[in-house]
Amino acid sequence: MSPQPEDRYERIGTMVTKAELEKQVAELKRQLEEKSEDTEPNRPSPHSAGEALKDVVEDIPEKMSAEFENWSGEIEAALAELDTLPHKKAILFALGVFVAGYVIGRSGRS
């Protein structure tokens with residue numbers, strides 16, 4: 001069971017003294033350092049972090065080209081679907097052409 005604040009500090013009236021607060025801050029810093037040492041034994045140095053950032057930046061063009069290849073495949077699939085649309089759904093295709101012509105015709109008059 002953790003001690004209550006009243007047990008850890010000598011109080012002057014209802015206020016905690018500066019020395020007590022500094023002691024508590026020092027203790028918390030020590031606990032934080034111990035915890036960070038336990039959880040991150042291989043913490044990267046600023047130099048290795050900079051190298052990691054450089055590696056990430058160098059990988060960006062490769063990732064972008066891979067994404068472009070994925071999108072180009074999707075575009076090709078959509079174009080293939082549009083190519084077969086007049087044969088599979090002739091009425092829908094005719095209606096779409098009519099609507100597109102109407103919209104283009106109306107936009108030319110204004």
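A: Arg-30 and Glu-27 are three residues apart in helix 2, so about one helical turn separates them. Helices here are DSSP runs of H or I with at least four residues, strands are E runs of at least two, and both are numbered from the N terminus. The model is predicted: local features need pLDDT of at least 70 and side-chain atom pairs pLDDT 80 or more, while totals for chains, interfaces and linings use all residues. Residues are numbered from 1 along each chain as its sequence is written, and side-chain values use heavy atoms, without hydrogens and water.

The side chains of Arg-30 and Glu-27 form a salt bridge, with 2.4 Å from N to O. The term stands for a side-chain nitrogen of Lys or Arg within 4 Å of a carboxyl oxygen of Asp or Glu. Side chains of opposite charge can pair when their charged atoms come close. Arg-30 also has a salt bridge with Glu-34, where the closest N and O atoms are 2.4 Å apart. Glu-34 and Arg-30 are four residues apart in helix 2, again about one turn of the helix.

Buried means under 20% relative accessible area, exposed means over 50%, and partly exposed lies in between (1.4 Å probe, protein chains only). Glu-27, at 34% relative accessibility, is partly exposed, and Glu-34 is partly exposed at 37%.

Helix 2 covers residues 18-39, and Lys-18 and Glu-22 lie in it, four residues apart, or about one turn of the helix. Lys-18 and Glu-22 form a salt bridge too, the closest N and O atoms being 3.9 Å apart. Lys-18 counts as exposed, because its relative accessibility is 63%, whereas Glu-22 is partly exposed with a relative accessible area of 47%. The structure holds three salt bridges.

From the N terminus on, its elements run α-α-α-α. The protein chain has 110 residues, of which 2% count as buried. Its accessible surface comes to about 10,400 Å², and 62% of that belongs to carbon and sulfur atoms. Areas follow the Shrake-Rupley method with a 1.4 Å probe; for residues, only the protein chains shown count as cover.

Glu-51, Asp-55, Glu-58, Asp-59 and Glu-62 form a negative one. Patch residues have over 30% relative accessible area and no salt bridge; like charges are joined within 9 Å, nonpolar side chains (Val, Leu, Ile, Met, Phe, Trp, Tyr) within 5 Å. Asp and Glu count as negative, Lys and Arg as positive, and His and the chain ends are not counted. A charge is placed at NZ of Lys, CZ of Arg, CG of Asp or CD of Glu. Asp-59, one of the patch residues, lies in helix 3, residues 46-88. Asp-59 is partly exposed, at 32% relative accessibility.

The other patch is nonpolar: Leu-95, Phe-98, Val-99, Tyr-102 and Val-103 make up about 530 Å² of surface. Leu-95 belongs to helix 4, which spans residues 90-109.
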